[in-house]
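User: I am new to this structure. Please take a close look at one part, the packing of its helices, and walk me through it.

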Amino acid sequence: MVDEYDDDLDLSSLSDDELVEQMHDDLYDGLRDEIVEGTNILLGRGWTASKVLDDALVEGMRIVGIDFRDGILFVPEVLMSANAMKGGMEILRPLLAETGAEPIGKMIIGTVKGDIHDIGKNLVAMMMEGAGFEVINLGIDNPVENYLEAIEQHKPDIIGMSALLTTTMPYMKVVIDTLVEKGMRDDYIVLVGGAPLNEEFSAAIGADAYCRDAAVAVETAQAKMAEKRAA
Ligand code: B1M
(Lines give C-alpha, C1' and ligand atoms only; values in the text may rest on other atoms or scores of the structure.)
Protein backbone atom coordinates (compact mmCIF):
# COMPACT_ATOMS: atom_id res chain seq x y z
CA MET A 1 0.00 0.00 0.00
CA VAL A 2 2.77 2.41 0.99
CA ASP A 3 4.82 1.37 -2.06
CA GLU A 4 1.87 2.03 -4.33
CA TYR A 5 1.54 5.46 -2.80
CA ASP A 6 5.25 6.16 -3.26
CA ASP A 7 5.16 5.06 -6.91
CA ASP A 8 2.29 7.42 -7.56
CA LEU A 9 3.72 10.34 -5.66
CA ASP A 10 3.84 13.40 -7.88
CA LEU A 11 6.82 15.34 -6.53
CA SER A 12 5.77 18.51 -8.29
CA SER A 13 2.50 18.57 -6.34
CA LEU A 14 4.38 18.97 -3.03
CA SER A 15 5.08 22.29 -1.36
CA ASP A 16 8.76 23.31 -1.09
CA ASP A 17 9.03 22.08 2.51
CA GLU A 18 7.29 18.79 1.75
CA LEU A 19 9.47 18.25 -1.29
CA VAL A 20 12.68 18.88 0.64
CA GLU A 21 11.53 16.42 3.32
CA GLN A 22 10.63 13.90 0.61
CA MET A 23 14.08 14.37 -0.93
CA HIS A 24 15.69 13.60 2.43
CA ASP A 25 13.68 10.34 2.45
CA ASP A 26 14.56 9.61 -1.18
CA LEU A 27 18.25 10.23 -0.52
CA TYR A 28 18.01 7.90 2.47
CA ASP A 29 16.42 5.28 0.20
CA GLY A 30 19.02 5.84 -2.54
CA LEU A 31 16.46 6.88 -5.17
CA ARG A 32 18.59 8.68 -7.74
CA ASP A 33 15.81 9.41 -10.29
CA GLU A 34 13.68 11.02 -7.61
CA ILE A 35 16.59 13.14 -6.39
CA VAL A 36 17.25 14.30 -9.95
CA GLU A 37 13.57 15.12 -10.39
CA GLY A 38 13.33 16.92 -7.03
CA THR A 39 16.46 18.94 -7.78
CA ASN A 40 15.03 20.05 -11.11
CA ILE A 41 11.69 20.97 -9.54
CA LEU A 42 13.30 23.16 -6.87
CA LEU A 43 15.48 24.89 -9.45
CA GLY A 44 12.37 25.41 -11.58
CA ARG A 45 10.75 27.12 -8.61
CA GLY A 46 13.55 29.64 -8.47
CA TRP A 47 15.72 28.05 -5.77
CA THR A 48 19.42 28.82 -6.13
CA ALA A 49 21.74 25.91 -6.76
CA SER A 50 23.47 26.44 -3.43
CA LYS A 51 20.17 26.41 -1.51
CA VAL A 52 19.13 23.13 -3.18
CA LEU A 53 22.57 21.75 -2.36
CA ASP A 54 22.52 22.79 1.30
CA ASP A 55 18.87 22.25 2.25
CA ALA A 56 17.96 19.21 0.19
CA LEU A 57 21.15 17.28 -0.55
CA VAL A 58 23.76 18.01 2.13
CA GLU A 59 21.16 17.94 4.91
CA GLY A 60 19.80 14.63 3.55
CA MET A 61 23.28 13.16 3.54
CA ARG A 62 23.80 14.34 7.12
CA ILE A 63 20.80 12.26 8.17
CA VAL A 64 22.18 9.26 6.28
CA GLY A 65 25.49 9.74 8.12
CA ILE A 66 23.81 9.60 11.52
CA ASP A 67 22.08 6.29 10.78
CA PHE A 68 25.27 4.89 9.22
CA ARG A 69 27.13 5.76 12.41
CA ASP A 70 24.43 4.16 14.52
CA GLY A 71 24.45 0.91 12.55
CA ILE A 72 20.98 1.41 11.10
CA LEU A 73 22.26 1.82 7.54
CA PHE A 74 25.07 -0.26 6.04
CA VAL A 75 27.66 0.28 3.30
CA PRO A 76 25.53 -0.90 0.31
CA GLU A 77 22.67 1.36 1.35
CA VAL A 78 24.95 4.34 1.93
CA LEU A 79 26.52 3.73 -1.49
CA MET A 80 23.06 4.03 -3.02
CA SER A 81 22.49 7.27 -1.10
CA ALA A 82 25.82 8.57 -2.34
CA ASN A 83 24.86 7.65 -5.89
CA ALA A 84 21.55 9.49 -5.53
CA MET A 85 23.36 12.50 -4.08
CA LYS A 86 25.69 12.52 -7.08
CA GLY A 87 22.67 12.55 -9.41
CA GLY A 88 21.58 15.84 -7.85
CA MET A 89 25.12 17.22 -7.75
CA GLU A 90 25.59 16.59 -11.48
CA ILE A 91 22.68 18.93 -12.20
CA LEU A 92 23.95 21.60 -9.82
CA ARG A 93 27.58 21.43 -10.92
CA PRO A 94 27.34 23.60 -14.06
CA LEU A 95 25.14 26.09 -12.21
CA LEU A 96 27.57 26.42 -9.33
CA ALA A 97 30.46 26.68 -11.76
CA GLU A 98 28.82 29.39 -13.88
CA THR A 99 31.23 32.27 -13.95
CA GLY A 100 32.54 34.21 -16.90
CA ALA A 101 35.56 35.37 -14.95
CA GLU A 102 39.18 34.45 -15.61
CA PRO A 103 40.43 31.71 -13.22
CA ILE A 104 41.66 33.39 -10.05
CA GLY A 105 43.91 30.50 -9.17
CA LYS A 106 44.48 26.83 -9.83
CA MET A 107 43.85 23.99 -7.40
CA ILE A 108 44.47 20.28 -7.45
CA ILE A 109 42.35 18.32 -5.01
CA GLY A 110 42.15 14.65 -4.12
CA THR A 111 41.09 12.26 -1.42
CA VAL A 112 44.16 10.70 0.17
CA LYS A 113 45.41 7.14 -0.11
CA GLY A 114 43.21 4.48 1.47
CA ASP A 115 40.13 6.65 1.42
CA ILE A 116 37.33 6.41 -1.13
CA HIS A 117 34.98 9.09 0.22
CA ASP A 118 34.49 11.69 -2.48
CA ILE A 119 31.20 13.51 -2.02
CA GLY A 120 32.59 16.30 0.16
CA LYS A 121 35.74 16.63 -1.93
CA ASN A 122 33.66 16.89 -5.11
CA LEU A 123 31.51 19.52 -3.46
CA VAL A 124 34.58 21.54 -2.60
CA ALA A 125 35.77 21.19 -6.21
CA MET A 126 32.39 22.39 -7.50
CA MET A 127 32.24 25.36 -5.17
CA MET A 128 35.81 26.34 -5.99
CA GLU A 129 34.99 26.24 -9.71
CA GLY A 130 31.93 28.33 -8.97
CA ALA A 131 34.16 30.89 -7.26
CA GLY A 132 36.34 31.16 -10.37
CA PHE A 133 39.18 28.73 -9.60
CA GLU A 134 40.42 26.20 -12.11
CA VAL A 135 40.18 22.83 -10.38
CA ILE A 136 41.89 19.57 -11.25
CA ASN A 137 40.11 16.78 -9.41
CA LEU A 138 42.40 13.84 -8.73
CA GLY A 139 39.65 11.56 -7.46
CA ILE A 140 40.03 9.14 -4.57
CA ASP A 141 42.70 6.96 -2.97
CA ASN A 142 45.65 9.13 -3.99
CA PRO A 143 49.18 8.15 -3.00
CA VAL A 144 51.71 10.95 -2.69
CA GLU A 145 53.00 10.19 -6.21
CA ASN A 146 49.67 11.30 -7.69
CA TYR A 147 49.93 14.69 -6.00
CA LEU A 148 53.51 15.10 -7.17
CA GLU A 149 52.62 14.18 -10.76
CA ALA A 150 49.67 16.58 -10.76
CA ILE A 151 51.84 19.37 -9.31
CA GLU A 152 54.39 18.82 -12.05
CA GLN A 153 51.77 18.70 -14.78
CA HIS A 154 49.37 21.44 -13.69
CA LYS A 155 51.52 23.82 -11.63
CA PRO A 156 48.73 24.67 -9.18
CA ASP A 157 48.61 27.45 -6.60
CA ILE A 158 46.72 25.29 -4.14
CA ILE A 159 46.93 21.66 -3.09
CA GLY A 160 43.73 20.37 -1.51
CA MET A 161 43.47 17.11 0.37
CA SER A 162 40.40 15.37 1.74
CA ALA A 163 40.15 12.54 4.29
CA LEU A 164 37.03 11.18 5.97
CA LEU A 165 38.58 8.46 8.09
CA THR A 166 40.67 8.76 11.22
CA THR A 167 42.83 6.02 9.71
CA THR A 168 43.56 7.96 6.50
CA MET A 169 43.93 11.51 7.78
CA PRO A 170 47.56 10.92 8.91
CA TYR A 171 48.43 10.32 5.25
CA MET A 172 48.07 14.04 4.66
CA LYS A 173 51.25 14.47 6.68
CA VAL A 174 53.03 12.01 4.39
CA VAL A 175 52.18 14.25 1.43
CA ILE A 176 53.23 17.44 3.22
CA ASP A 177 56.45 15.88 4.54
CA THR A 178 57.31 14.78 1.00
CA LEU A 179 56.83 18.35 -0.24
CA VAL A 180 59.10 19.57 2.56
CA GLU A 181 61.76 16.95 1.72
CA LYS A 182 61.69 18.03 -1.91
CA GLY A 183 62.00 21.69 -0.94
CA MET A 184 58.64 22.44 -2.56
CA ARG A 185 56.42 23.01 0.44
CA ASP A 186 56.57 26.80 0.44
CA ASP A 187 55.64 27.03 -3.23
CA TYR A 188 52.06 25.95 -2.58
CA ILE A 189 49.08 26.73 -0.42
CA VAL A 190 48.04 23.47 1.24
CA LEU A 191 44.42 23.24 2.37
CA VAL A 192 42.94 20.21 4.10
CA GLY A 193 39.42 19.15 4.97
CA GLY A 194 37.16 16.27 5.95
CA ALA A 195 34.84 15.49 8.82
CA PRO A 196 37.37 14.05 11.33
CA LEU A 197 39.90 16.90 10.94
CA ASN A 198 40.22 20.11 12.91
CA GLU A 199 42.45 23.16 13.03
CA GLU A 200 44.80 21.62 15.55
CA PHE A 201 45.41 18.63 13.30
CA SER A 202 45.91 20.88 10.29
CA ALA A 203 48.52 22.92 12.15
CA ALA A 204 50.23 19.80 13.50
CA ILE A 205 50.76 18.32 10.03
CA GLY A 206 51.97 21.61 8.58
CA ALA A 207 49.02 22.51 6.34
CA ASP A 208 48.18 26.17 5.72
CA ALA A 209 44.56 25.81 6.80
CA TYR A 210 41.77 23.46 7.76
CA CYS A 211 38.50 24.05 5.89
CA ARG A 212 35.39 23.00 7.78
CA ASP A 213 33.21 22.96 4.68
CA ALA A 214 33.14 23.89 1.03
CA ALA A 215 32.20 27.51 1.68
CA VAL A 216 35.10 27.91 4.11
CA ALA A 217 37.38 26.25 1.55
CA VAL A 218 36.44 28.93 -1.00
CA GLU A 219 36.88 31.80 1.48
CA THR A 220 40.20 30.41 2.70
CA ALA A 221 41.48 29.86 -0.83
CA GLN A 222 40.53 33.41 -1.80
CA ALA A 223 42.22 34.86 1.28
CA LYS A 224 45.39 32.79 0.84
CA MET A 225 45.59 33.69 -2.86
CA ALA A 226 45.30 37.37 -1.97
CA GLU A 227 48.10 36.96 0.60
CA LYS A 228 50.24 35.13 -1.96
CA ARG A 229 49.71 37.87 -4.56
CA ALA A 230 50.48 40.60 -2.03
CA ALA A 231 53.71 38.85 -1.07
CO1 B1M B 1 32.02 6.12 5.20
N2 B1M B 1 32.51 6.62 7.02
N3 B1M B 1 33.02 4.47 5.39
N4 B1M B 1 31.27 5.67 3.49
N5 B1M B 1 30.85 7.58 5.40
C6 B1M B 1 32.12 7.94 7.48
C7 B1M B 1 33.19 8.96 7.16
C8 B1M B 1 31.92 7.71 9.03
C9 B1M B 1 32.12 8.97 9.88
C10 B1M B 1 30.55 7.06 9.27
C11 B1M B 1 30.27 6.80 10.72
O12 B1M B 1 30.69 5.80 11.24
N13 B1M B 1 29.58 7.70 11.35
C14 B1M B 1 32.99 6.60 9.30
C15 B1M B 1 34.38 7.09 9.69
C16 B1M B 1 34.70 6.85 11.13
C17 B1M B 1 36.06 7.33 11.46
O18 B1M B 1 37.01 7.18 10.76
N19 B1M B 1 36.12 7.94 12.61
C20 B1M B 1 32.99 5.86 7.99
C21 B1M B 1 33.44 4.53 7.83
C22 B1M B 1 33.85 3.79 9.09
C23 B1M B 1 33.51 3.91 6.57
C24 B1M B 1 34.02 2.52 6.25
C25 B1M B 1 35.29 2.09 6.97
C26 B1M B 1 32.86 1.54 6.51
C27 B1M B 1 33.15 0.08 6.33
O28 B1M B 1 33.59 -0.35 5.30
N29 B1M B 1 32.88 -0.65 7.37
C30 B1M B 1 34.24 2.59 4.71
C31 B1M B 1 35.66 3.08 4.37
C32 B1M B 1 35.96 3.01 2.90
C33 B1M B 1 37.27 3.72 2.57
O34 B1M B 1 37.29 4.92 2.37
N35 B1M B 1 38.36 2.98 2.52
C36 B1M B 1 33.24 3.61 4.34
C37 B1M B 1 32.58 3.64 3.11
C38 B1M B 1 31.63 4.56 2.76
C39 B1M B 1 30.82 4.50 1.48
C40 B1M B 1 31.63 3.97 0.29
C41 B1M B 1 29.64 3.59 1.73
C42 B1M B 1 30.29 5.96 1.33
C43 B1M B 1 31.21 6.88 0.49
C44 B1M B 1 30.64 7.09 -0.89
C45 B1M B 1 31.34 8.23 -1.59
O46 B1M B 1 31.88 9.15 -1.01
N47 B1M B 1 31.31 8.13 -2.88
C48 B1M B 1 30.40 6.46 2.77
C49 B1M B 1 29.74 7.61 3.26
C50 B1M B 1 28.78 8.28 2.29
C51 B1M B 1 29.94 8.10 4.57
C52 B1M B 1 29.16 9.21 5.30
C53 B1M B 1 27.83 8.61 5.71
C54 B1M B 1 28.90 10.51 4.58
C55 B1M B 1 30.14 11.22 4.05
C56 B1M B 1 29.67 12.33 3.17
O57 B1M B 1 29.61 12.19 1.96
N58 B1M B 1 29.23 13.43 3.81
C59 B1M B 1 30.14 9.49 6.54
C60 B1M B 1 29.41 9.96 7.78
C61 B1M B 1 29.58 11.46 8.00
O62 B1M B 1 30.50 12.09 7.53
N63 B1M B 1 28.68 11.99 8.76
C64 B1M B 1 30.96 8.27 6.57
C65 B1M B 1 28.64 14.57 3.10
C66 B1M B 1 29.75 15.52 2.67
C67 B1M B 1 29.09 16.72 2.01
O68 B1M B 1 30.43 15.98 3.83
O69 B1M B 1 32.49 14.57 3.32
O70 B1M B 1 32.31 15.87 5.51
P71 B1M B 1 32.02 15.77 4.06
O72 B1M B 1 32.67 17.02 3.30
C73 B1M B 1 32.52 18.35 3.74
C74 B1M B 1 33.60 18.80 4.73
O75 B1M B 1 34.16 17.76 5.49
C76 B1M B 1 34.58 19.54 3.88
O77 B1M B 1 33.76 20.14 2.91
C78 B1M B 1 32.76 19.19 2.51
C79 B1M B 1 31.57 19.92 1.97
O80 B1M B 1 31.03 20.87 2.86
N81 B1M B 1 35.65 18.83 3.17
C82 B1M B 1 36.72 19.50 2.68
C83 B1M B 1 35.77 17.54 2.81
N84 B1M B 1 36.88 17.34 2.12
C85 B1M B 1 37.49 18.53 2.01
C86 B1M B 1 38.69 18.89 1.38
C87 B1M B 1 39.07 20.20 1.42
C88 B1M B 1 38.30 21.15 2.10
C89 B1M B 1 37.12 20.82 2.73
O90 B1M B 1 40.22 20.51 0.79
C91 B1M B 1 40.65 21.79 0.77
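Analyst: Start with α3 and α4, which pack at an angle of about 135°, with their axes 10 Å apart. The axes are lines fitted to C-alpha atoms, for helices over the stretch in contact, and angles run from 0 to 180 degrees between N-to-C directions. Helices (H or I, at least four residues) and strands (E, at least two) are DSSP runs, numbered from the N terminus.

A word on the source. This is a predicted model: local features need pLDDT of at least 70, side-chain atom pairs count only at pLDDT 80 or more, and totals for chains, interfaces and linings use all residues. Residues are numbered from 1 along each chain as its sequence is written, and side-chain values use heavy atoms, with hydrogens and water left out.

Back to the pair. α3 and α4 are therefore oblique to each other. Angles under 35 degrees count as roughly parallel, over 145 as roughly antiparallel, 65 to 115 as roughly perpendicular and the rest as oblique. α3 passes α4 in a right-handed crossing. A crossing is right-handed if the near helix is turned clockwise from the far one by less than a right angle, and left-handed if anticlockwise. From α3, I35, T39, L42 and L43 touch A49, V52, A56 and L57 of α4; contact means heavy atoms within 4.5 Å. By class, this contact of α3 with α4 has seven nonpolar, one polar and no charged residues. Ala, Val, Leu, Ile, Met, Phe, Trp, Tyr, Cys and Pro count as nonpolar, Asp, Glu, Lys and Arg as charged, and the others, Gly among them, as polar.

Now bring in α2. Helix α2 (residues 16–28) packs against helix α3 (residues 32–44) at about 155°, with axes 9 Å apart. That makes α2 roughly antiparallel to α3. Their crossing is left-handed. The α2 side of the contact includes L19, V20 and M23, and the α3 side includes I35, T39 and L42. Seven nonpolar, two polar and three charged residues make up the contact of α2 with α3.

α2 also meets α4. Their axes come within 9 Å and cross at roughly 45°. α2 and α4 are therefore oblique to each other, and their crossing is right-handed. V20, M23 and L27 are among the α2 residues here, facing α4 residues that include D55, A56 and L57. The contact of α2 with α4 divides into nine nonpolar, two polar and three charged residues.
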